[in-house]
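Here is a short report on part of a fold. Look at the sequence and the structure before reading on.

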Amino acid sequence: MTQASLGESVVQKTVHAAQNNGVAANITQTQPLWLLAEVTYRCPLHCAFCYNPTDYDKHTQNELTTEQWIQALRDARKLGALQLGISGGEPLLRDDIEDIVIEAKKLGYYSNLITSGVGLTEKRIKAFKEGGLDHIQLSMHDITEEINNFITNTKTFELKKKVAAMIKDHGYPMVLNVVIHRYNIGHLKEILEMADALGAEYVELANTQYYGWSLVNRSQLMPTREQIEEAERITNEFREKAGSKMKIFFVVPDYFSDRPKKCMNGWGEVFMIVTANGDVLPCHSARVLPNMQFPNVKDTDLGWSWKESPAFNKYRGDDWMKEPCRSCSEKANDLGGCRCQSFLLTGDAEVADPVCTKSPHHHLIEQAIIDAQNPVIAAQPIVFRNDKNSKKIIAGELNERTEQFHALP
Ligand code: FES
């Protein structure tokens, strides 16, 4: 799945309910409206753009048990969480998703399974329907078998089409997520036609955001500005034609914007992520930040984690800001952008997100766009997301690819 996929679809439903944005007190009045349960880092796909941490291999041995997940769901609901995303890795690699779905229904969550489709069978989808799962979001990659199989490093093209049909047959709305990058951006019209043919009600075209594996592969994945403008034009044209029968979200890539995104709709404002091993995070990438201790549900109360933990309070509000963000008239719009992106690109989590044209580090973004068009740099092989490469990154064996960024792994 993508980072963007959370940011866009959920915020539309929940932002109106977020209270007290900007509070930097030790005990926040905000509530986690969205709980993302990253139930496993295991995955049968090996996507080059995966946002999961490059050092995920450290966290595959100590996954939470079913009981621990159920407790986390209960505790998050008490804090106010309403929307549950069940994600991974590939969540269907766990055989207790049915139990998690049943509990989510009992607790009153609106639940969304975010899946590659691998592992979804008739038996399981029936159980999900009966258990009360509200929504399934399926990732698709391209209209060609070649690109689908290349970018995921698997043979899953036919399977995805079958799974899409199965989801539709069971009365779920057809929700497709397509991560956009250099390899498929030229096929956007055909991708939208395929979505239409599959009966998609919602299509999210999520331009790659550069974290985790996609940051390592940035020069191999990033399209040109012209390609993005053309993609947006095609999307708008298709949107007009499709009318209300298919909603299309085009998530603009922040590297090509003048201002940064308000990441996660604000640190510790509405999103809470519980990772496979139980770490509680305000965003997917937070563990790259230095000198931060994130609580873990195995030994820490979720209410304390959200309200009082130093980690969740660290970047709430704007007290932490440096110039130029501190005195910026637009700071409420984006809260200085993404803390993880600032750190990953500059080594300092408290500076303005380099995406911002007011940032003294904006040249790093401009250079990244130039590098992606440099045939020598762009010709480097893709580092696919898999256990072997994760182990290599942890061991420092891929330093020639990661040393250009801070904090990888
Ligand atoms: Fe944006 Fe961490 S990913 S704050």
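What covers the buried residues of H7? The cover includes E5, strand E6 (202-207) and helix H10 (225-242). Contact here means C-beta atoms, placed from the backbone, within 7 Å. Helices (H or I, at least four residues) and strands (E, at least two) are DSSP runs, numbered from the N terminus.

This is a predicted model: local features need pLDDT of at least 70, side-chain atom pairs count only at pLDDT 80 or more, and totals for chains, interfaces and linings use all residues. Residue numbers start from 1 along each chain as its sequence is written.

**Helix H7.** H7 spans residues 188-197, and its buried residues are Leu-188, Ile-191, Leu-192 and Ala-195. They sit on the same side of H7 because they cover an arc of only 95 degrees around the axis, taken from the directions from the helix axis to the C-beta atoms. Buried means 20 or more other C-beta atoms within 10 Å of a residue's own; exposed means 12 or fewer, and partly exposed lies in between, with C-beta atoms placed from the backbone. Just after H7, Gly-199 has a positive phi of about 80 degrees.

**Strand E4.** Five of the six residues of E4 (residues 135-140) are buried. E4 pairs with two strands, E3 and E5. Pairing requires at least two DSSP bridges between the strands.

| Pair | Sense | Bridges | Partners |
|---|---|---|---|
| E3 (residues 110-115) and E4 | parallel | four bridges | Asn-112 and His-135 |
| E4 and E5 (residues 175-180) | parallel | four bridges | Leu-138 and Leu-176 |

How values were computed:
Two residues are in contact if their C-beta atoms, placed from the backbone, lie within 7 Å.
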